[in-house]
Amino acid sequence: MPRLILLLAIAGVVYILFRRAQAMPPHKRRGELIKLALGVTVVVVILATAAGRMHWIGAALTGLLVALR
């Protein structure tokens, strides 16, 4: 049950941030959507690593990719 609540909370936050990005002017929208996608990727990698579903090297490479951005 706690996982479901966490999943719903994360989905709600992503939805709110997506709607907020859609309301921005076109020249700022792309940057916000890229930030949102990177944020979602980071959260997914952290959760997968914490659950033992992703090797720590994969998590480190994803973190490096985000840092290089």
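These notebook entries record what I looked up in a predicted model of a protein chain.

**Entry 1: ground rules**

I note that residues are numbered from 1 along each chain as its sequence is written.

**Entry 2: confidence**

I looked up pLDDT, the predictor's confidence in each residue, from 0 to 100. The protein chain has an average of 86, and 99% of the residues score at least 70. I found the lowest confidence in α3, with a mean of 80, and the highest in α1, with 89.

**Entry 3: helix α2**

Helices are DSSP runs of H or I with at least four residues, numbered from the N terminus. Helix α2 covers residues 26–50, which is 25 residues. From its first C-alpha to its last I read 36 Å, close to the 36 Å expected at 1.5 Å a residue; the expected span is 1.5 Å times one less than the number of residues.

Which residues of α2 are buried? They are Leu-36, Val-45 and Ala-48. Buried means under 20% relative accessible area, exposed means over 50%, and partly exposed lies in between (1.4 Å probe, protein chains only). These buried residues pack against α1 and α3 (56–68). Just after α2, I noted that Gly-52 takes a positive phi of about 80 degrees.

**Entry 4: the salt bridge**

A salt bridge is a side-chain nitrogen of Lys or Arg within 4 Å of a carboxyl oxygen of Asp or Glu. By this rule I count one salt bridge. It joins the side chains of Glu-32 and Lys-35, at 3.5 Å from N to O. Both residues lie in helix α2, three residues apart, about one turn of the helix. Glu-32 is partly exposed because its relative accessible area is 26%, whereas Lys-35, at 55%, counts as exposed.

**Entry 5: Leu-33 and Ala-21**

I next looked up Leu-33, which is found in helix α2, and Ala-21, which has its place in helix α1. Is Ala-21 buried or exposed? It is buried, because its relative accessible area is 3%. Leu-33, at 28%, is partly exposed.

The C-alpha atoms of Leu-33 and Ala-21 are separated by 6.4 Å, and the two residues are 12 residues apart along the chain. Contact means heavy atoms within 4.5 Å. Leaving aside neighbours within four places in sequence, Leu-33 is in contact with Phe-18, Ala-21 and Gln-22. For Ala-21 and Val-42, 21 residues apart along the chain, I read a C-alpha separation of 18 Å.

**Entry 6: a surface patch**

I found a nonpolar surface patch of about 580 Å², made by Met-1, Leu-4, Ile-5, Leu-7 and Leu-8. Patches are made of residues with over 30% relative accessible area and no salt bridge; like charges are joined within 9 Å, and nonpolar side chains (Val, Leu, Ile, Met, Phe, Trp, Tyr) within 5 Å. Accessible areas come from the Shrake-Rupley method with a 1.4 Å probe, and for residues only the protein chains shown count as cover. Leu-8 has its place in helix α1 (residues 2–22) and counts as exposed, because its relative accessibility is 56%.

Technical notes: Side-chain values use heavy atoms; hydrogens and water are left out. Helices (H or I, at least four residues) and strands (E, at least two) are DSSP runs, numbered from the N terminus.
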